[in-house]
Amino acid sequence: MGGLPIPAAPAVQAGGLELGAELGFAAPWLLALLLLVPILVWLHREPARELATDRLEIWRRALARLGLRRRRRLPPSLLLAILALVALVRALAGAGRPERAGPRRFAAVLDVSPSMAARDGGRTRTTAAVAASRPSWRGSAEVEGVLYGLGRERVTELARFAAARALPAGLRADLLAEDAAVLLARAERARPGLARALADQAGPDCAVLLSATASEPAAGAARDDDNLYLRGFGSPDARSPAAILDASFVDPWPAAELELSVEAARPLAAGARLVLRSPVQGRSEGFAFGRGSGDEPDGPMLLDVPRAFGPEVEARLEPGDGFVLDELLLLEARPAWAPTLRALPYDDPDLRVLTEFLVGELGARELRDGTGDEAGGLELREGGRLEAWPDDGRVRLCFGTLLPGAAAEGRPEGPLEWARAAPLLLDLDLSTLGVEEAVLAPPLDDDAEVLVSLGDAPFVVLWPEHRLLWCGSELGRNRLASQAFLPLLVVRALTRLAPVGAPGRLLALADPEESRIAARTPPRSRPTPAFWRPRRPYWPELVAAFALCVLLRAALVRR
Amino acid sequence: MATAEALAFDAMLPVFLDLPALPPSVDLDERGRLHLRAEWGDFKGHVPYVPGDDLRFLDWSVLARSGQRVSRRFELIQHRRLRLLVDASPSMRLREAGLRDLLCLYGFLALHRLDSVELRWGDEPEPRRFEDSGDWDRLRDLLRTLPLEGGCPEPVPDADRSTGSLLVSDFQPEDEWRARLARHREEGQGLLCLFPRLGFEGHTDRPLPTGRRDLRDLETGKRLQVELGSRLHALFVEEQRDFEHDMEACCRDLGHGFLAIDLPDDEHRLDFEAWLPFLTRRRLRR
């Protein structure tokens, strides 16, 4: 803080007697000269001279018609003489506006954290803070000051703070004062810290005006008796717009829509919508909150968002949003997976039904020769043997295939046992399957999930490490191909095995503390002080007035 | 003691003899609501019409019948005697110089053009009579020296229809004068009320002192402090005109005539044309 350019205090001028709030005299005893005014009036007196008449009644009637205008007026020459005398005496007595005590310098510290971009009643808190602080430096021409955090002459560009969210440290060179130090208090703790340090360093002669979010009083930054003045901002009442505190996606792939869970700062009113805007696609659409909003008013709001909306959207709550400028959601949902599909052996009639089902369901492209294999493709295999665990990134659905490490001899026996608590088997009708012939599974590691067992031997295994769903029976045996649960089981397994994307999150308000303090009730703001104002003599104006009165009176008398 | 200005004025008076001018009282027949035929008297015959004669006396029937212009002649009721009633109250001192000049003018013309002058000065009980031009000096001395400290004459017309009465006054206080004139309504014939007006009383462009003034009524001694200025002067002139209109209507109702004429200021006092408004342009037959 030692390098902050706090302006030097102006020189002190000698003051005099103060008469009233705006007028004082350096030599008040000279005001005694105003006693000359009655003498002036006496010198200008005009005795009523007698005038004989024989028509007194007619004069009386004329005078009655004159009405109020018969009231004696001060002769213009006498009036000008009095004004000239008063102006001269006041100039001699050193009339002037007295000095006003108060801080002679100020430093305005503006919180530019994301929470200050919240809108309380239409304009952002930053705009309101600058507007509220403006009289502090615009109305005191004699008071020198600096502005930290925002350019003094660039107030109109405040709206561009919306773009500043993308900057890592909140530094916007084009928004900073040309003649002031550059110090943006970004971190929450730095704001009161900066203001406190600045106030201590500058001394009682400098007022430090801190405009920040509502969390600052908790820091104990401002006391009533020091030179630090806080103006807090927050949501003052329940009518304030809500704000998105958190948002995350649930991706029920391969469903066409994503499920977005939104946590707001306060319960949303009925009919509230979330408007998503995709800057990339130039698309904007509003969504009504549905599931979850009625059952748990205070809980997260849920809505369905088309998968094709992504990958990056701006979110806005309607009606009213406290963070219009800040919500930026990354819609990193899993893309619609349309893999290449290879069925081995190519012409196996038992694989044909399942192959055609997956081609239609996933939009997969079937390969019928040895070319066109891609990483991340899908492979259906019946029978045969995998010599080694492949590392080609393909997802494999293997039926009756011998896996590496599995014994070729021996047949498992015993009753079928289903892991009915497994999500992949939820609500599936498994009672129609009977197994008479199967191959053995290799030894399993911890990553493998056994869905069905045949006696002690695994029969259906989900192996995410190897991106594999394995079944101990070929499709053509044990009437497996005709089982009703088969396509649902395959699709559910693919949701676990397909390439996985990161869940969507709020990007700008990743700091939950910043989000929560933005929604707090503002503290009591301490009024800004009356700044120091130097004494200003009025003698030039008074001398000019004196000369003007003398000239006018001379012209009047001459005429 | 006549002043130099008075002597100069009196020396100017013979100029008026060259003009067909008479005191306006000779026109009394033509003023007010009098019965002209009765005033004119009985028909006595015709005389040749002379240009300038009153067209009302032109006999239209003779003109239509014969084409001759003749004037009807009556047993004349011509005011061949001027009966001068002068308000001698102190308030008249305000217009004393012009008033005395005016009275001298009327007296001079009456003695030289009419038969006689009867002067009733203030509330004097008996009138003063002057029979011919030989009495001019005596009349002039009186008109120049009689004091303005008396009262007001009663405007009693003379029973003689050949007498034209001319009352010169400021008619203030107004109510007293109205009552005074009304008292003689039945007797009223041939009375002309003349108010010799000062210039500033009838015109806003005539000079008037400005500033604080203590107005003092010369007759009652009452006072009134005013701030004289153009606005008050304009209102005073309006009130004065209203007063004159009221007096004219009042006199008309009573069978009198009323005139308000500006007295010449000092600059035009010796200009005979400035006095012509006080005279009537008329030539009397003898």
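Analyst: Helices (H or I, at least four residues) and strands (E, at least two) are DSSP runs, numbered from the N terminus. This is a predicted model: local features need pLDDT of at least 70, side-chain atom pairs count only at pLDDT 80 or more, and totals for chains, interfaces and linings use all residues. Residues are numbered from 1 along each chain as its sequence is written, chains are lettered from A and ligands numbered from 1 in the order in which they are written, and side-chain values use heavy atoms, without hydrogens and water.

User: Where does Asn478(A) lie?

Analyst: Asn478(A) is in the chain A loop between β23 (468-471) and α8 (485-497).

User: What is the phi of Asn478(A)?

Analyst: Most residues other than glycine have a negative phi, and most peptide bonds are trans. Asn478(A) is not a glycine, yet its phi is positive, near 55 degrees. Asn478(A) is also buried, at 15% relative accessible area. Buried means under 20%, exposed over 50%, partly exposed in between (1.4 Å probe, protein chains only).

User: Which loop of chain B holds Phe171(B)?

Analyst: Look between β7 and α6 of chain B. Phe171(B) has a positive phi too, near 55 degrees. Its relative accessible area is 0%, so Phe171(B) counts as buried. The loop between β7 (163-168) and α6 (174-183) of chain B also holds Pro173(B). The bond from Gln172(B) to Pro173(B) is cis, with omega near 0 degrees.

User: Which residues does the cis peptide bond in chain A join?

Analyst: Leu344(A) and Pro345(A), with omega about -5 degrees. Pro345(A) sits in the loop between β16 (340-344) and α7 (349-362) of chain A.

User: What is the strand order in the sheet that contains β16 of chain A?

Analyst: Strands pair if DSSP finds at least two bridges between them. Here 8 strands of chain A form an open, mixed sheet: β17-β16-β18-β19-β23-β22-β21-β20. The edges are β17 (365-367) and β20 (416-418), each pairing on one side only. β16(A) and β17(A) run parallel, joined by 3 bridges. Thr340(A) has Arg365(A) as its bridge partner.

User: Which strands does α7(A) lie across?

Analyst: Contact means heavy atoms within 4.5 Å. Axes are lines fitted to C-alpha atoms, for helices over the stretch in contact; angles run from 0 to 180 degrees between N-to-C directions. α7(A) lies across β16, β17, β18 (378-382) and β19 (395-399) of chain A, at about 165 degrees to β18(A).

User: Which strands form the sheet with β3(A)?

Analyst: The order is β3(A)-β9(B)-β10(B), an open sheet with mixed pairing. Its edge strands are β3 (49-53) of chain A and β10 (223-228) of chain B. β3(A) pairs with β9 (residues 211-217) of chain B in the parallel sense, over 5 bridges. Leu51(A) stands opposite Leu215(B).
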